[in-house]
Amino acid sequence: MSERLAEILEKYKNTIVAQLKSRIISEGKVATGDLEKSITGIVEGTSISIFASEYWYVVNYGRKPGKKMPPIRPIMEWMKIKRIEGATKKQTKSIAWVIAKKIGDEGIPGTNFFWETINSIVPLITKDIEQSYLKDINDQINGNS
């Protein structure tokens, strides 16, 4: 792999990570910040791999209606961060149960933050890689390698 290509991949890895984090923030999907902090990337050969907490999937794709209720504990943690609470601990748990039931019954919409970000970057990275290969070929033809 050429040095030019390696630089391009590293640049776009950083761009993808930054834009994914930015999208989560702009979509209002930050409570604890765990998802945002978990987004990282690495360049492996000629590929870029992006990693995130496993619940990125639900944030991106949403949750279909009619499924079983999600666990109450994460909802209670979210409620604590958002300062949503009942007068007693029992009431707080009841509110969390109602939220979980509603999510199970009605689902939640996804943001599509992942694919919208990737699809906006693909044309740019494709153009830069094409130009990099052309420069590499030109360098080889002209003996500049």
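This is a predicted model: local features need pLDDT of at least 70, side-chain atom pairs count only at pLDDT 80 or more; totals for chains, interfaces and linings use all residues.
The phi of Arg83 is near 60°, a positive value in a residue other than glycine. Most residues other than glycine have a negative phi. Arg83 is exposed, with a relative accessible area of 75%, which is over the 50% cut-off for that class.

Helix H5 itself comprises 18 residues, 89-106. Within H5, the buried residues include Thr92, Ala96, Ala100, Ile103 and Gly104. These residues cover an arc of only 115° around the axis and therefore lie on the same side of H5. On the other side of H5, Lys90, Val98 and Glu106 are exposed. The packing partners of the buried residues of H5 are strand S3 (62-63), helix H4 (72-81) and strand S4 (108-109).

Just after H5, a positive phi of about 75° is found at Gly107. A positive phi also occurs at Asn112, with a value of about 60°, although Asn112 is not a glycine. Asn112 is located in the loop between S4 and helix H6 (113-141). With a relative accessibility of 31%, Asn112 counts as partly exposed, since this value falls between the cut-offs of 20% for buried and 50% for exposed residues.

Conventions: Residues are numbered from 1 along each chain as its sequence is written. Side-chain values use heavy atoms; hydrogens and water are left out. Helices (H or I, at least four residues) and strands (E, at least two) are DSSP runs, numbered from the N terminus. The expected span of a helix is 1.5 Å times one less than its number of residues. Buried means under 20% relative accessible area, exposed over 50%, partly exposed in between (1.4 Å probe, protein chains only). The arc is that of the directions from the helix axis to the C-beta atoms. Contact means heavy atoms within 4.5 Å.
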